Amino acid sequence: MNGRQLLWLFFGFSGRVDRQAFALAGMLLYLARLYPVYRMILAGNDEAALDYWGGIFITLFAVLLVSHIALAAKRLHDFDRPGWPAIFFLIGDILAFLFLCIPRGTNGPNRYGPRTNAPAGTS
């Protein structure tokens, strides 16, 4: 996978993504979000380190939440549904992720793309 595909996967809102790609990309995002938490635990009482890793966590959380919403929109497209309900990631982050990992997508092309794991308009 090249850099352009990775940008589409994590930040594109068009096209479709299948269960496996969605689950693996989502788990990677959760692991990235947990790393600063791990570093804050290791920091103990070091205020400077806690402030630094706390800032990293807040920044990562915001960026990765947008990425989760983009992934969820593409996953909804794979069910032949509009992507706007992906906004519910703001409310039920982990529950929405687990819900979208379970059902199969539409077999074959649908109105959001000819195939999964590709931006809309590509074949």
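Q: With which residue does Asp78 form a salt bridge, and how far apart are the closest N and O atoms?
A: Side chains of opposite charge can pair when their charged atoms come close. A salt bridge here is a side-chain nitrogen of Lys or Arg within 4 Å of a carboxyl oxygen of Asp or Glu. In this case Asp78 pairs with Arg16, the closest N and O atoms being 2.8 Å apart. Asp78 lies in helix H3 (residues 47-78) and Arg16 in the loop between helix H1 (3-11) and helix H2 (19-43), so the pair ties together parts that are 62 residues apart in sequence.

Q: On what kind of model does this reading rest?
A: This is a predicted model, in which local features need pLDDT of at least 70 and side-chain atom pairs count only at pLDDT 80 or more, while totals for chains, interfaces and linings use all residues. Residues are numbered from 1 along each chain as its sequence is written, and side-chain values use heavy atoms, with hydrogens and water left out.

Q: How are the elements arranged from the N terminus on?
A: Helices (H or I, at least four residues) and strands (E, at least two) are DSSP runs numbered from the N terminus. The protein has 4 helices and 0 strands, in the order α-α-α-α.

Q: Is Asp78 buried or exposed?
A: Buried means under 20% relative accessible area, exposed over 50%, and partly exposed in between (1.4 Å probe, protein chains only). Asp78 is buried, with a relative accessible area of 2%, and Arg16, at 1% relative accessibility, also counts as buried. Of the 123 residues of the protein, 37% are buried.

Q: Which residues are linked with Asp78 in a network of salt bridges?
A: The network links Arg16, Arg75 and Asp78. The side chains of Asp78 and Arg75 meet in a salt bridge of 2.8 Å, N to O, and both residues are buried. Being 3 residues apart in helix H3, Asp78 and Arg75 are separated by about one helical turn.

Q: How many salt bridges does the structure hold, and which residue meets Asp80 in one of them?
A: The structure holds 3 salt bridges, among them one between the side chains of Asp80 and Arg111, at 3.2 Å from N to O. This pair links distant parts of the chain, with Asp80 in the loop between H3 and helix H4 (89-101) and Arg111 in the segment after H4, 31 residues apart. Asp80 is partly exposed, with a relative accessible area of 26%, whereas Arg111, at 61% relative accessibility, counts as exposed.
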